[in-house]
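Have the model open as you read.

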Amino acid sequence: MPGHAPLHLVMFGRPGSGKSSLAERLGKEFGYQLVRTGEMLRESVRKGDSIGVRLADQLSTGNLVSDELILELLEHNLRPSKESKLLFDGFPRTLGQVSVLERFENSLGFKVDCFLDVAVSREDAVARMTCRRVCPSCGATYHLIAKPPKVDETCDVDGVKLERRKDDAIDVVNYRQKVYDQQTQPVIDHYRVATPALCRAVNGNQAVDAVYRDTVRVLGLG
Ligand SMILES: [Zn+2]
């Protein structure tokens, strides 16, 4: 694929890999439409539409969101034209969703032509996530290593004591890493066997700008 920029791209990366900000930057720079099923789901729940109601139902009984509902959600939200370039940010995240993507491709008549893994070690991802801080008062975000506040654990803007986001509590962080290893890593392994020529990886254990530059090069965008 060198020299051939992907039209439709799937990005994988564990929590703390920086995948989502990388996806945003690529989307802005190269005109990809971001596809985020999590955001679509939250939006459906907020609006209380028929998908949202059934979703709330599934979640309240402790079930995972069904593959059928995800497919319906995609078909409901996406009307890509021939010109649209799609960037799936963190989908498919389970082996069940691999066939959801296939069915969606068939119903819309397109094909994902690149699977990109933003590879970060679990240790690095955990370190990054547990170093994130947020100001409970103004919402400013910090990172104890990459973007530390001037005074330890204190907001530069208003002097309020910084907190960890709820999602960054250590047991939540470890749980999300475990879910990724158990559910999403097998998806990457699947594509490596099924479509090795479409698989790419970048080393995510680098500074943000270096990861971005490598990604642009690996995808043949630069
Ligand atoms: Zn603040």
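Five strands make up an open sheet here, in the order β2-β3-β1-β4-β7, and the pairing is parallel. Strands are DSSP runs of E with at least two residues, helices are runs of H or I with at least four, and both are numbered from the N terminus; two strands count as paired if DSSP finds at least two bridges between them. The edges belong to β2 (32-35) and β7 (199-203): each has a single partner strand, so one side of each has no neighbour in the sheet. From one strand to the next, the twist averages 25°, with axes taken as lines fitted to C-alpha atoms (for helices, over the stretch in contact) and angles running from 0 to 180 degrees between N-to-C directions.

A word on what you're looking at: this is a predicted model, where local features need pLDDT of at least 70, side-chain atom pairs count only at pLDDT 80 or more, and totals for chains, interfaces and linings use all residues. Residue numbers start from 1 along each chain as its sequence is written.

β2 runs parallel to β3, joined by four bridges, and Tyr 32 has Lys 85 in β3 as its bridge partner. Strand β3 (residues 85-89) also runs parallel to β1 (residues 9-12), this time through three bridges; there, Val 10 is partnered with Phe 88 of β3.

β4 (residues 114-119) pairs with β7 in the parallel sense over five bridges, and Asp 117 finds its bridge partner in Ala 201 of β7. Helix α8 (residues 208-218) packs on the sheet here, touching β4 and β7, and its direction makes about 160° with that of β7. Contact means that the C-beta atoms of two residues, placed from the backbone, lie within 7 Å.
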